[in-house]
Amino acid sequence: MGRERKVPNRKVRNRPRRDGGRATLALLSFAMLIVSLDQYIVVVALPDIARDLGYSAQTLQSVISAYAVTSAGFLLFGGRAADLLGRRRVLATGLGLYAAAALAGGLATGPGTLLAARAVQGLGGALVFPTTLALVNTAFAEGRTRNRALGIWGGAGAAGLVIGVLLGGFLTQAFGWEAVFLVNVALAGPALLLTFVVIPWDGARERGRAFDLPGALSITAGVTLIVFSLVQGPALGWLSPGFLGSAAAGLLLTAAFAVIERRSQDPLVPPRLLANPHLVTGVVIAFMFMATFGSVLYFLSLYFQEVLGYDALQTGAGFLIPTAVVVAGSMTAGRVVTRFGLRATLTAALAVGALGALALGFAVAPDGSYAGLVPGLVALSIGDGIVFTTMFITAATGVPDRDQGTASGIASTGSGVGAAVGLAVLVLIATAGLGGLSGERLRAATADGISTALFVVAGGIALTLLTALTRCPTTPEPAPAPVPYQTRRC
């Protein structure tokens, strides 16, 4: 008896302790697809929305910015809430808000109602996005298993950005602009019901952890005001009291957040997370990714409609090729990271993406064609899909399970703010010479402005590549027990 061997127990300890589940991963990827869809599904429908609800050229952009502002502002709040209140609870709440707001948007009869619905949709998305990421990171063991899971999750998210334009064009052409909102009810409703079936019960709240309400309020308001000032800057004027006031207030609140965090016993952003080089690098790359890759869809949609003269359905069809490539790139990114490491994967994908943006900049012209765009579209989409997944793998590395929601909120906030900053700067560049033009001169100037913006995007991606080369740690942080550490090159 005393000589009994315990080899089986040793073998069990050497295996990954978490393998998630196909149903869980399918639901989380589907939820991520839903919130990603809505970032661009309304772009193609904007002309019809303006005509039916009475938006002016100056106020139409608010349909997009209402979602972007609330989403970016509440992402960190959503991630922290997932850690403290329970991830299933927060995911269900976010999907419920999303579905209700989508219904209200589809039934809207005036601009005020639609803007309110878009803002609530942004809040729902801010709860769903970091919660799905945290659930994937805690359901699957760090390393090969998690990388593959994040590849599927990232594929759904990256594809959603592109599919949104494609689906928006089809729905607008076939059923009217209301369909781009009502489709979210049909998607988010079943996802909400499945959440209670697939996601395990949260259990009791962990004792001794506070929500840090002053920190949450200050950073949420600060980020919201900063993003608002950026997205409304072109309409308000960069030297207007509205822009300067909201930007200054946002910066002051962000500074107040830093002071509050230093004095908090349980800060919203624990110092141990900011000491994680993988998380910091992931946030920086997420910011720069959305400022560059994330802005291209907007300009391509504008080019298809305003320069090439495509209708809504043709514009959507123009994104079929990039959709397929983005999905393939995202879903293979996890395997590539496992084999070659984070640094090599990021730098290679960013190099391909920069070349793609450069090729698109040369191909965009008043007399251009879709065929001329294809090489650049393919290269840019390869980089887009791989980087989207890899940056979130980077941000999750070495983060304890209890902080995965907060870390996901930090990373997704970086991406949300990056999207606002990038689009504001690039729109300013692309529209610099359009004042007072009309007809063919306006069309030619629009193409030239978009081409210039794409060259700037290529430069921004090259800068992101340098960031990955210099900031990506050479050795990963050890994963928290009981998850077995798996050595991985970076």
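**Aromatic pairs, core and cavities in a predicted model**

The largest cavity has a volume of about 90 Å³. This is a predicted model, in which local features need pLDDT of at least 70, side-chain atom pairs count only at pLDDT 80 or more, and totals for chains, interfaces and linings use all residues. Residues are numbered from 1 along each chain as its sequence is written, and side-chain values use heavy atoms, with hydrogens and water left out.

Trainee: Which helices each supply at least two residues of the lining of the largest cavity?

Mentor: A cavity is a set of points, on a 1 Å grid over the protein atoms alone, where a 1.4 Å probe fits but cannot get out, and lining residues have an atom within 4 Å of a point. The volume is the space filled by probe spheres set on the points, which are joined across faces, edges and corners. The lining includes F293, L300, P322, L380 and D384. Helices are DSSP runs (H or I, at least four residues) numbered from the N terminus, and those asked for are helix 12, helix 14 (320-340) and helix 16.

Trainee: How are the rings of F289 and F293 arranged, stacked or tilted?

Mentor: Rings of Phe, Tyr and Trp (its six-membered ring) pair if their centres lie within 6.5 Å; planes under 30 degrees apart count as stacked, over 60 as edge-to-face and the rest as tilted. F289 and F293 are four residues apart in helix 12 (residues 277-307), and so are separated by about one helical turn. Their centres are 5.0 Å apart with 25° between the planes, which makes the pair stacked.

Trainee: What is the relative accessibility of F293?

Mentor: Buried means under 20% relative accessible area, exposed over 50%, and partly exposed in between (1.4 Å probe, protein chains only). F289 is buried, with a relative accessible area of 1%. F293 also counts as buried, at 3%.

Trainee: Over which ring does the charged end of R89 sit?

Mentor: A charge sits over a ring if NZ of Lys or CZ of Arg is within 6 Å of the ring centre and within 35 degrees of the ring normal. The charged end of R89 lies 5.2 Å from the centre of the ring of W201.

Definitions and conventions:
1 Å grid on protein atoms, 1.4 Å probe; cavity = no way out; pocket = protein on both sides within 12 Å on 5 of 7 lines; lining within 4 Å.
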